[in-house]
Structures are given as structure tokens and as C-alpha cells.
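This report describes selected local features of one protein model, with attention to its helices, strands, pockets and cavities. The structure is shown first, and the description follows.

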Amino acid sequence: MAKIYNIYGTNAHSMTLSLLEAINAISLVPSGANIDLKPNLVVAGSPENGATTHAGVLSGCIEYFRENGVKDIAVTEGSWVAANTMSAMKRAGYDEVCKRYNVPFIDLKHEKTQRVNSPIGPLEICERSMNAGFLVNLPVLKGHCQTVMTCALKNLKGCLPDKEKSRFHSLGLIKPIAALGSVLKPGLIVVDSICGDLDFEEGGNPVHTNRMFCGTDPVMIDAYGAGLMGLELSDVPYIKIAEKWGAGSTKFSADEIFDINSPETAGNYPKPSGRVASLTRRVHEDSACSACYAALVRALNTNRKGQSQDIYIGQGWRGKKIPDGALGIGRCCSGADRNVKGCPPDARSIAEMF
């Protein structure tokens with residue numbers, strides 16, 4: 001399935017169910033296979049802070065696969081070296097989900113490992129993840145202080161023992177992440193982009209896109225995610241390296257991107273505060289949906305030239321006069337003499353207009 005499916009909204013559980021139903025996800029699962037769900041649980045933080053996968057993504061996956069006959073389901077993750085996985089899972093609400101559905105949570109920090117050959121030499125990977133019948137990767141699309149972005153490929157780092165995680169950092173992260181993606185290949189990726197952090201993996205500056213998307217190619221997913229964040233592939237070098245090493249393809253067309261519902265379903269963007277407010281001080285917003293406004297915020301974060309001009313965005317500007325010289329974002333502001341087309345446009349397209 002070299003395609004990507006988008007859905008907009010605010011309820012992670014129902015959005016996940018709709019995504020899995022739309023792609024007939026059960027058809028991807030080998031007969032009799034167990035399913036491991038691998039979220040992003042880097043630290044003990046609230047998903048609303050933009051760092052970790054929402055609990056509703058887990059419950060949606062569990063409910064869908066259970067209803068389609070899969071009984072052997074587990075949640076598996078290992079937080080980063082400095083964090084306690086079990087504390088993190090409770091903070092994110094995973095303990096309640098696991099209890100409700102009687103699903104085990106497995107801390108990969110305590111699992112056996114196996115040595116796997118990769119393009120950069122042997123890697124130590126958790127045996128549980130390597131041998132899962134069907135591994136479902138549930139990353140958060142967000143910024144990262146060292147790799148600029150983290151999504152499908154980098155989320156697999158949680159399948160390493162702590163010693164190997166530390167070694168990845170000593171090697172500079174880029175090539176190790178690409179190498180890991182070439183040998184550990186989930187059967188499905190469901191991306192939580194409801195409110196990923198703007199530029200830091202631990203959260204703190206969440207940007208509410210109220211969007212989720214899914215696919216089966218982690219390189220394609222990451223290339224698409226980079227565009228949503230206003231980044232070029234050259235900004236996130238491990239994506240192209242992973243492609244070179246056979247992890248997937250960066251090439252896709254608009255015909256391979258499908259929207260399950262309208263971006264307007266995402267709802268209006270919440271009142272900005274803190275970092276986001278400083279980025280958007282010259283933005284004239286009127287009833288902007290989350291997907292469109294979040295794309296603008298990310299574009300302003302990657303190309304600061306946008307902060308020096310007046311920008312108009314939102315459904316409230318439909319059919320209204322927008323001042324000459326101002327930039328209009330999306331279809332709702334098509335009356336501007338300078339307009340970024342799309343509904344919603346991605347952050348990369350917006351940044352190029354600054």
C-alpha cells in the first residue's frame with residue numbers, strides 16, 4: 001500500500017478506528033500473527049504536551065484488531081535512557097487502556113536482544129520487536145533537537161536496549177536511524193499528528209494539527225511528514241539514507257495521498273500561547289481550522305522571514321478583501337494577490353512563499 005491516508009479531528013480513538021477501517025488494515029496481518037503496538041513514549045509526559053502518542057491511538061488499534069479476530073496483542077516500548085518506561089506509560093494513560101482491554105504492556109528495556117547485520121554493521125535490537133508477527137509503529141510527528149524531525153523511522157529507536165540507544169547518539173544518530181529502518185520494518189505506521197511539539201522531542205510547544213495519517217512505507221511517511229513540518233528532505237538526512245539502504249521510497253505523488261474527511265473537521269485552532277504566539281504575532285486569523293493553522297505555524301518556525309509580513313488565514317476571510325501585499329493561506333484566502341493554494345497547504349509550500 002504505497003499510499004498515505006489522512007484523517008482530521010480531535011478524538012484519537014475514533015480517528016484511529018476510521019483510518020484502520022479505511023485501509024482494511026486486517027488484510028495486512030499474516031494469518032495467526034500476534035500484533036505488537038509500538039507507540040512513542042520517550043518521557044513521562046502528557047500526550048497533550050506534544051511528546052507522546054495519545055492513549056486513544058492504542059485503544060483504537062486494540063479495538064479494531066480485536067473485532068477482527070486478533071487475540072494476541074501487546075503494547076511494547078522502551079523509553080529513552082534517562083526515563084522510566086513504566087512511569088511514562090502511566091503518565092500517558094496507557095495503564096488504563098491495557099487494563100480495560102486486558103492487554104499486556106512490555107517494557108523493552110528488559111527484553112532479550114539479538115544482533116542483526118545492517119549497512120553500518122551489527123545492531124542490537126530487542127528480540128521481541130524483531131520477531132513480532134505484525135509490528136504496528138505509532139509515532140508522533142514532532143520536532144527533535146538533534147535530528148530536526150522525528151516520526152516513523154526514528155520511533156523505532158525505542159526497540160533498542162539502552163546501551164544501543166546511547167551508542168546511536170555517539171555515532172551521530174543519522175546513519176544509525178537509517179540503518180535501523182533498513183532491518184526493522186513494521187507492517188503498518190499510524191502517525192499521531194494531533195498535537196506534536198514544534199521542535200523538541202520532550203514536548204512543551206505543541207502544535208495542534210488535529211490530524212492523523214497512516215501508511216506502510218516508513219520512508220514515504222517521513223518524507224510526507226517533513227513536508228507537513230515545512231522541512232526539505234535535506235533537513236532530515238536520515239530519510240534519504242534510509243531510502244538508499246532499502247527501507248522505502250521518498251517518491252510519491254498527490255494521487256497517492258487520500259483524505260478520509262475534510263480538513264475543516266479538525267475544528268478551529270485553539271488560542272495560541274507562548275512560543276506559538278510569538279511566531280504568529282502578524283497573523284490575522286479568523287476561524288482557521290487546525291490543520292491549516294498548524295501548517296502556518298510550522299512554516300513560520302522553519303522560515304523566520306514570514307514573521308515580518310502580514311498573513312491572513314481562516315474561513316472568516318472567505319469572500320472578503322485582503323490587503324494588497326499580504327499573504328493569504330489556503331483556499332479560504334484565495335482572494336489575496338499572494339496566495340498559498342491548498343486545503344490545507346503543507347508547511348513547506350507556505351514557507352516557500354515567505
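Glycine 181 lies in helix 8 of this predicted model. Is glycine 181 buried or exposed? With a relative accessibility of 1%, glycine 181 counts as buried, because the limit for that class is under 20%. Beyond its neighbours within four places in sequence, glycine 181 is in contact with Leu153, Leu156 and Ala247.

Helix 7 itself comprises residues 162-170, and its buried residues are Glu164, Lys165 and Phe168. Why do these residues fall on the same side of helix 7? They do so because the arc they cover around the axis is only 105 degrees. As a general rule, an α-helix has 3.6 residues a turn, so residues three or four places apart point the same way. On the face of helix 7 turned away from the buried side, the exposed residues are Lys163 and Ser170. Just after helix 7, glycine 172 adopts a positive phi of about 95 degrees.

**Strand 1 and its partners**

Strand 1 (4-8) is mostly covered, with five of its five residues buried. Ile4, Asn6 and Tyr8 point one way from the strand, whereas Tyr5 and Ile7 point the other way.

Strand 1 pairs with two strands named here. With strand 12 the pairing is parallel and extends over three bridges; asparagine 6 stands opposite aspartate 259 of strand 12. With strand 11 (residues 211-215) the pairing is antiparallel and is made by four bridges; in this case isoleucine 7 stands opposite methionine 212 of strand 11.

**Pockets and cavities**

| Space | Volume | Lining by class |
|---|---|---|
| Largest pocket | about 280 Å³ | ten nonpolar, three polar, four charged residues |
| Second largest pocket | about 230 Å³ | three nonpolar, nine polar, seven charged residues |
| Largest cavity | about 110 Å³ | nine nonpolar, four polar, three charged residues |
| Second largest cavity | about 50 Å³ | four nonpolar, one polar, two charged residues |

The largest pocket is lined by 17 residues, and those nearest its centre are Tyr224, Leu228, Ile257, Pro344 and Asp346. Which elements each supply at least two residues of this lining? They are strand 1, helix 9 (218-228), strand 12 (257-259) and helix 13 (347-351). Helix 9 gives the most, with four residues. Strand 1 and strand 12, both contributors to the lining of the largest pocket, are also the parallel pair described above.

The second largest pocket has a lining of 19 residues, of which Asn40, Val42, Trp80, Lys154 and Lys157 lie nearest the centre. Strand 8 (142-144), helix 6 (152-155) and helix 7 are the elements that give two or more residues to this lining.

How many cavities of 30 Å³ or more does a search of the whole structure find? The search finds two. The largest cavity is lined by 16 residues, and Cys289, Cys292, Gln315, Cys332 and Cys343 are the closest to its centre. The lining of the second largest cavity consists of Thr209, Arg211, Leu228, Ala291, Ala294, Ala295 and Arg298. Helix 12 (residues 290-302) provides the largest share of that lining, namely four residues. Leu228 lines the second largest cavity and is also among the residues nearest the centre of the largest pocket.

Notes
Residues numbered from 1 in each chain as written. Predicted model: local features only at pLDDT ≥ 70, side-chain atom pairs only at ≥ 80, totals over all residues. Heavy atoms only, no water. Buried < 20%, exposed > 50% of the residue type's maximum accessible area, 1.4 Å probe, protein only. Arc of directions from axis to C-beta. 1 Å grid on protein atoms, 1.4 Å probe; cavity = no way out; pocket = protein on both sides within 12 Å on 5 of 7 lines; lining within 4 Å. Points joined across faces, edges and corners; volume = space filled by probe spheres on them. Nonpolar A, V, L, I, M, F, W, Y, C, P; charged D, E, K, R; others polar. Contact = heavy atoms within 4.5 Å. Pairing = 2+ DSSP bridges.
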